[in-house]
Amino acid sequence: MPDTILFEKAGGLAWVTLNRPRTLNAINMRMRDELWDAALAVRDDPDVRVVIFKGAGERAFSAGADISEFGTAPSYVESRRARRQRDLWGLILSLEKPLIAALHGYALGAGIELALCCDLRIASDDARLGLPEVGLGYIPSAGGTQTLPRHVPPGVAMQMVLTGDPIDAATALRYGLVQRVVPRERLYEEAESLARTLMSRGPLALRLAKRAVLEGLELPLAQGLALERRLAQRALIPFRR
Ligand code: COA
């Protein structure tokens with residue numbers, strides 16, 4: 001069986017490809033495990049400076065969790081335990097390096113939730129983004145109910161979570177869910193160009209700036225400013241040598 005995740009490195013840039021194109025890159029348990037390994041490689045490999053997530057095939061970044069596996073875990077308790085032991089989305093959110101999601105076609109459920117764990121999202125004009133879980137009698141559980149309202153206005157997040165209806169790329173751009181929309185044939189070129197811009201910046205500065213923004217979002221302004229002051233001091237350390 002081919003790997004469900006492809007991990008390729010080229011000059012500081014890591015491409016992580018969701019690789020189950022025949023099922024629209026649905027995220028099954030095996031892909032979760034391989035994504036976990038890829039996230040650890042990103043965390044631990046000093047050669048990796050920036051990451052781009054993408055989906056294999058023409059039709060989707062990912063159509064979400066593999067619905068054919070729903071209800072197949074040995075027991076509810078077992079599947080809860082597996083999730084606690086391996087908090088994949090928590091691990092990706094904790095990565096200090098900049099993460100870019102390059103979205104085309106369907107980006108649904110855990111697919112868009114993975115992209116919401118990234119720092120920047122670039123979409124092709126054919127992208128359709130949504131959280132269809134409620135239509136299955138379920139709720140988003142790869143962080144979407146929490147991450148989405150941190151990126152788009154709460155009313156927009158509520159509309160997407162409660163209706164489950166997908167939005168198109170232009171609408172996602174208007175809401176700020178993606179930062180750029182490009183023609184399909186230029187998606188990876190544009191994502192790579194963005195990654196190269198980031199790689200031309202100081203790695204320590206990028207890491208500290210990412211941390212300042214993400215941790216600061218959880219803090220009252222005064223504490224956020226104090227955090228920024230602490231991190232800015234750390235950014236100065238290389239200049240003192
Ligand atoms: N899990 C498992 N398999 C999936 C899948 C998913 N989330 N999404 C798509 N697939 C599979 C289909 O079963 C189909 O497999 P088959 O060719 O063996 O029958 C293949 O991918 C192609 O999908 P298909 O449904 O035929 O394409 P479509 O163009 O008619 O519809 C979607 C595309 C995305 C609208 C539709 O596949 C869909 O609604 N998928 C489920 C999305 C979802 O609910 N995700 C969240 C889960 S919590």
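Predicted model: local features only at pLDDT ≥ 70, side-chain atom pairs only at ≥ 80, totals over all residues.
Me: Which residues come nearest to the ligand?
Reply: They are R59, A63, A65, D66 and I67, out of 15 residues around the ligand.

Me: What lies 2.4 Å from an oxygen atom of the ligand?
Reply: A polar side-chain atom of R59 lies at that distance from the oxygen atom.

Me: How much of the ligand does the protein bury?
Reply: The protein buries 58% of the 860 Å² that the ligand exposes when taken alone.

Me: What kinds of residues form the shell around the ligand?
Reply: The shell holds 10 nonpolar, 1 polar and 4 charged residues.

Me: Changing topic, where is H104?
Reply: H104 is in the loop between β5 (99-103) and β6 (106-108).

Me: Is H104 buried or exposed?
Reply: H104 is buried, because its relative accessibility is 0% and the cut-off for buried is under 20%.

Me: Which residues does H104 touch?
Reply: Leaving aside residues up to four places away in sequence, H104 touches several residues, including R59, F61, D126 and Y188. R59 also has a polar side-chain atom 2.4 Å from an oxygen atom of the ligand.

Me: What about β5, how many of its residues are buried?
Reply: In β5, 5 of the 5 residues are buried, so the strand is largely enclosed by the rest of the structure.

Me: Which way do its side chains point?
Reply: L99, A101 and L103 point one way from β5, while I100 and A102 point the other way. In a regular strand, side chains alternate between the two faces of the sheet.

Me: Which strands pair with β5?
Reply: Strand β3 (residues 50-55) pairs with β5 in the parallel sense over 3 bridges, and V51 stands opposite L99. Strand β7 (residues 120-124) also pairs with β5 in the parallel sense, over 4 bridges. There, A123 is the bridge partner of L103.

Me: And what is the strand order in the sheet that contains β6?
Reply: The order is β4-β6-β8-β9, in an open sheet of 4 strands with mixed pairing.

Me: Which strands stand at the edges of that sheet?
Reply: The edges are β4 (60-62) and β9 (167-168). Each has a single partner strand, so one side of each is left without a neighbour in the sheet.

Me: How do β6 and β8 run?
Reply: β6 and strand β8 (residues 128-130) run parallel and are joined by 3 bridges. L108 stands opposite G130 in β8.

How values were computed: Residues numbered from 1 in each chain as written. Heavy atoms only, no water. Near = heavy atom within 4 Å. Polar contact = N/O pair within 3.5 Å; in protein donor to acceptor, adjacent residues only side chain to side chain. Areas by Shrake-Rupley, 256 points an atom, 1.4 Å probe, with all protein chains shown as cover. Nonpolar A, V, L, I, M, F, W, Y, C, P; charged D, E, K, R; others polar. Helix = DSSP H or I, 4+ residues; strand = E, 2+ residues; numbered from the N terminus. Buried < 20%, exposed > 50% of the residue type's maximum accessible area, 1.4 Å probe, protein only. Contact = heavy atoms within 4.5 Å. Pairing = 2+ DSSP bridges.
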